[in-house]
Amino acid sequence: SEDQSLRQELVGDLKIGVHTDFEFVRIAPLLQNFARKHPKVRVHFLAGMSATNIPDVRKGNIDGGFFFGPAKSADLTTIELATIPIRVVAPATWQDRVEHASPEALCALPWIYTSQNCPFYDLHSQIFSDYQCTPNQVAFVDSEDAIRELVKAESGLALLREEDAKQMEQQGLGYCWAGEVPSIALSFAVQKRRRSEPLINAIIEEICSLWGVENESTN
C-alpha cells in the first residue's frame, strides 16, 4: 500500500534511553514491531537512569527516554504509559520485625536508598512525611539490581516495583510490608519541538500501541 511504502522510507538512527530492566519496559517487542514497519531505522537502546534520561533528552544526547516519576520540563513532551505499584520489601528473615511494624518502627530499621536525584528518593519522603521520623539510611545505590542484591544480603529495607518485590517474596528472598506505598508513573519523553519529526513520531506510535495508551502528550 501507499501508506506502507511511505513508512518504509524512514531511514536513520534513533537513540532511546532506558532507565530500568529492558524486559519491564517491553524493549524486545518494541524493537520487533518497530523493525518490521521501519526496517531502515537503526535503534540504539542505551541504559540510563530517570535522572539522566530527562536531561539527555533535553540536550539532544538521546532522541527519547523512559523514566519514572514526574517531569516538569516545559520543553519536553511526556507521555504517561502506566502507573506502577511500589512496595516496601525487607529481607525474608526480617519478617517478624517488619510484619506488624508501624511506619515509625520501620524508620528505625536500616534502609537502602536510591541516590537523591532518583524519583524513588521522593517516594521515601512521601511515605514518611506524615511521621516525624527520618529513615536510617545505610546505603545509596543507583540501580534496581543493586537494591535487590542488598535486600537479599540482609543489608536493609527498600522500595521496589511490586512485581520485583513479589518475585523476591516467591523466591524466599524478601518479605513485603503490608502498608500503603504511593505508586509511581512510567513515562516516555521527547523534545517538544521534535515531537512531529517522522522518526520520533514513529517510535512514539509504537510505544503507545504497546502500552495501550492514546498517542497524545500530557504537556
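**Exercise 1.** Find which element gives the most to the lining of the second largest pocket.

*Solution.* Keep in mind that this is a predicted model.

**Exercise 2.** Work out which residues lie nearest the centre of the second largest pocket, and how its lining divides by class.

*Solution.* First, the space: this pocket holds about 250 Å³. Then go to the middle, where Asp21, Arg148, Arg161, Asp164 and Gln167 lie nearest the centre, out of 15 lining residues. Finally, sort the lining by class: nine charged, four nonpolar and two polar.

**Exercise 3.** Now do the largest pocket: how much space lies in it, and which residues are closest to its centre?

*Solution.* The space comes to about 340 Å³. The lining has 24 residues, and His19, Thr20, Asp142, Ser143 and Glu144 are the closest to the centre. Helix H3 (50–59), helix H7 (144–152) and strand E8 (158–161) are the elements that each give two or more residues to this lining.

**Exercise 4.** Say which element gives the largest share of the lining of the largest pocket, then sort that lining by class.

*Solution.* H7 takes the largest share, with four residues. By class, the lining of the largest pocket has six charged, seven polar and eleven nonpolar residues.

Terms used: Residues are numbered from 1 along each chain as its sequence is written. This is a predicted model: local features need pLDDT of at least 70, side-chain atom pairs count only at pLDDT 80 or more; totals for chains, interfaces and linings use all residues. Side-chain values use heavy atoms; hydrogens and water are left out. On a 1 Å grid over the protein atoms alone, a cavity is a set of points where a 1.4 Å probe fits but cannot get out, and a pocket is an open set with protein on both sides within 12 Å along at least five of seven lines; lining residues have an atom within 4 Å of a point. Grid points are joined across faces, edges and corners, and a volume is the space filled by probe spheres set on the points. Ala, Val, Leu, Ile, Met, Phe, Trp, Tyr, Cys and Pro count as nonpolar, Asp, Glu, Lys and Arg as charged, and the others, Gly among them, as polar.
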